[in-house]
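Subject: Structure for your review

Dear colleague,

Please find the structure below, together with its sequence. I would be grateful if you would read the notes that follow with the model open.

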Amino acid sequence: MRETKEILLAAMIAISAPVVAQENIAPHLEQLPQRMQYNPAMTADNMKYFTVPIVSGGFNVSAENTAFRYEDMFTRGHDDTLRLDFGRLHDRMRKTNYASVSANIPIFEFGRRTHSCLGYMSFALSNKTMIETKYDRNFTLLWRGNWDYDKDEPINHRISNIFVRGMNYMELSGGYSHRIPSIGLRMGVRVKLLAGIVSVLSDDLTIDFQTRRESDRYSVVMRSSGSIKTSLPMDVEIGEDGYVSKVSLDADEWKLEPMKNRGVAFDLGGTMDISEKLKVGLAFVDFGFINWNDGCHRFEAGTSCTFRGIDISADMKTGMTEDGIDGASYWKTMKDSLMRFRDVSHTTHKYKTRLSSRMIATADLFLMDWLQVGGTVATKFVGGQAFTRGGATAVVHGGSWLSFAATAAINPGWKVSPGAGLVLTGGPVQGYVIVDRFPRRLSEAQGASLTFGINFVLGRKKYSLIEDAHKMDVRWN
């Protein structure tokens with residue numbers, strides 16, 4: 001393909017805007033209505049709540065990288081200089097790695113309890129953007145080239161298991177949960193209607209480099225296979241050879257029609273009161289997909305070429321060899337071979353993207369009225385593979401108006417990073433800010449997440465009285 005840089009630029013624009021990743025803290029803050037995003041069976045200590053667009057604000061941005069830290073990429077020399085060390089990077093990385101950047105912008109939220117307080121209904125509208133990639137560490141071996149001088153043998157490379165998914169979409173959700181006081185069980189479900197805006201998907205890319213001996217010389221065989229699917233405002237030009245020659249964005253004439261890209265997702269969850277002091281929860285979040293039908297493009301590669309070198313005896317200015325042969329043809333042969341390796345075809349097939357589904361397990365132990373400890377184990381499924389992390393949290397309550405949480409997040413590879421959350425409630429106004437997986441030092445960063453916003457909460461005293469009555473009924477029975 002001739003204009004590879006333009007395709008990459010289009011993909012970056014689609015995913016450059018940074019889904020909620022505060023599961024180590026938010027589910028343990030019982031005053032916070034947003035805990036329902038991690039388990040639809042969880043509720044907050046109020047009768048009603050709502051947010052107001054622009055006035056309430058609210059935002060979440062999150063980044064995560066399981067592969068390596070900044071300090072894993074460099075070694076320091078005797079003169080205090082830094083050197084990029086691919087060997088060190090390869091040794092520190094996991095076999096399969098995952099990275100993501102995401103954002104959630106709530107537009108409107110509303111929830112209320114039924115009269116008996118046993119049921120809870122909620123509705124929300126938000127815009128979400130996410131990009132995530134899964135890849136093997138093999139790409140870090142490219143620095144070795146194609147020859148092992150110590151063993152005097154060729155080195156072959158295979159870069160596969162590459163997965164990239166990015167999209168922006170609108171989400172309208174409605175949920176309901178119901179409590180059975182006699183057994184301390186609450187079950188919840190949320191249905192999400194999705195409307196996709198832009199997306200990029202690649203789940204089958206493979207590139208091979210093999211060095212082979214042919215009589216008295218070596219050749220390099222290069223193979224590429226896989227596809228990139230996009231739903232973007234693009235102009236694609238096809239050259240005389242039938243392959244893509246140019247790709248450009250045409251955002252000026254793009255008509256936003258997200259209702260053509262429809263999808264659906266579900267959240268299922270439950271909580272159980274094991275005792276008066278111990279509560280556990282389990283949820284399955286974001287199991288769903290979006291069908292992309294508007295402005296779809298599919299770029300597909302499946303080519304193979306063999307490079308056998310060039311005649312470097314030619315004069316680089318005139319292209320003539322000592323025997324008077326036109327040596328420029330060798331340069332043209334090399335160029336054609338490399339360009340063939342990049343040949344990409346184009347179609348407009350529709351496609352489907354799945355959301356990043358998660359399984360979240362929580363436990364909370366209420367040691368005193370003012371002290372609570374909890375734990376979270378969350379597993380995210382990306383490209384058919386599971387990535388698990390967890391955290392331990394302590395929450396201090398200052399009456400009904402303040403809750404402060406401190407957490408130690410346990411990232412893949414048993415790397416620990418701290419976090420904190422604060423909820424302040426004064427009358428009907430509630431403000432919150434949560435920072436999760438924040439690195440102690442930038443060089444050790446593997447990710448971070450920030451959430452803040454304002455809720456309007458009503459009927460907290462009424463809920464407390466009804467809840468106390470339910471507890472007395474359970475004890476009496």
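This is a predicted model: local features need pLDDT of at least 70, side-chain atom pairs count only at pLDDT 80 or more; totals for chains, interfaces and linings use all residues.

Residues are numbered from 1 along each chain as its sequence is written, and side-chain values use heavy atoms, with hydrogens and water left out.

Overall composition

The chain has four helices and 25 strands (DSSP runs numbered from the N terminus: H or I of at least four residues for helices, E of at least two for strands). Of its 477 residues, 45% are buried (buried is under 20% relative accessible area, exposed over 50%, and partly exposed in between, with a 1.4 Å probe and protein chains only). Carbon and sulfur atoms hold 61% of the accessible surface, which amounts to about 24,300 Å² (Shrake-Rupley method with a 1.4 Å probe; for residues, only the protein chains shown count as cover).

Salt bridges

The whole structure contains 13 salt bridges (a side-chain nitrogen of Lys or Arg within 4 Å of a carboxyl oxygen of Asp or Glu). In one of them, aspartate 45 meets arginine 460 at 2.9 Å, N to O. Aspartate 45 is in the loop between H1 and S1 and arginine 460 in helix H4 (residues 460-476), so this pair ties together parts 415 residues apart in sequence. Aspartate 45 is partly exposed at 21%, whereas arginine 460 is buried at 16%.

Lysine 192 and aspartate 267 form another salt bridge, at 3.0 Å, N to O. Because lysine 192 lies in strand S10 and aspartate 267 in strand S14, the pair ties together parts 75 residues apart in sequence.

Lysine 229 is buried at 9%, and aspartate 203 is partly exposed at 41%.

Nonpolar patch

Leu172, Val189, Val191, Leu193, Phe266, Leu268, Leu282, Phe284, Phe287 and Phe381 make a nonpolar surface patch of about 820 Å² (patches are made of residues with over 30% relative accessible area and no salt bridge; like charges are joined within 9 Å, and nonpolar side chains, namely Val, Leu, Ile, Met, Phe, Trp and Tyr, within 5 Å). Strands S10 (185-214), S14 (262-273) and S15 (278-292) each give two or more residues to the patch. Leucine 268, in strand S14, is partly exposed at 46% relative accessibility.

Individual residues

Threonine 43 sits in the loop between helix H1 (4-15) and strand S1 (48-50) and is buried at 12%. Its side chain makes a polar contact of 3.1 Å with that of arginine 113 (N or O atoms within 3.5 Å; within protein, one must be able to donate a hydrogen and the other to accept it, and residues adjacent in sequence count only if both atoms are side-chain atoms).

Tryptophan 147, in strand S7 (residues 147-148), is buried at 18%. Its side chain makes a polar contact of 3.5 Å with that of aspartate 152.

Threonine 379 is in strand S20 (residues 371-382) and is buried at 10%. A polar contact of 2.9 Å joins its side chain to that of threonine 388.

Yours sincerely
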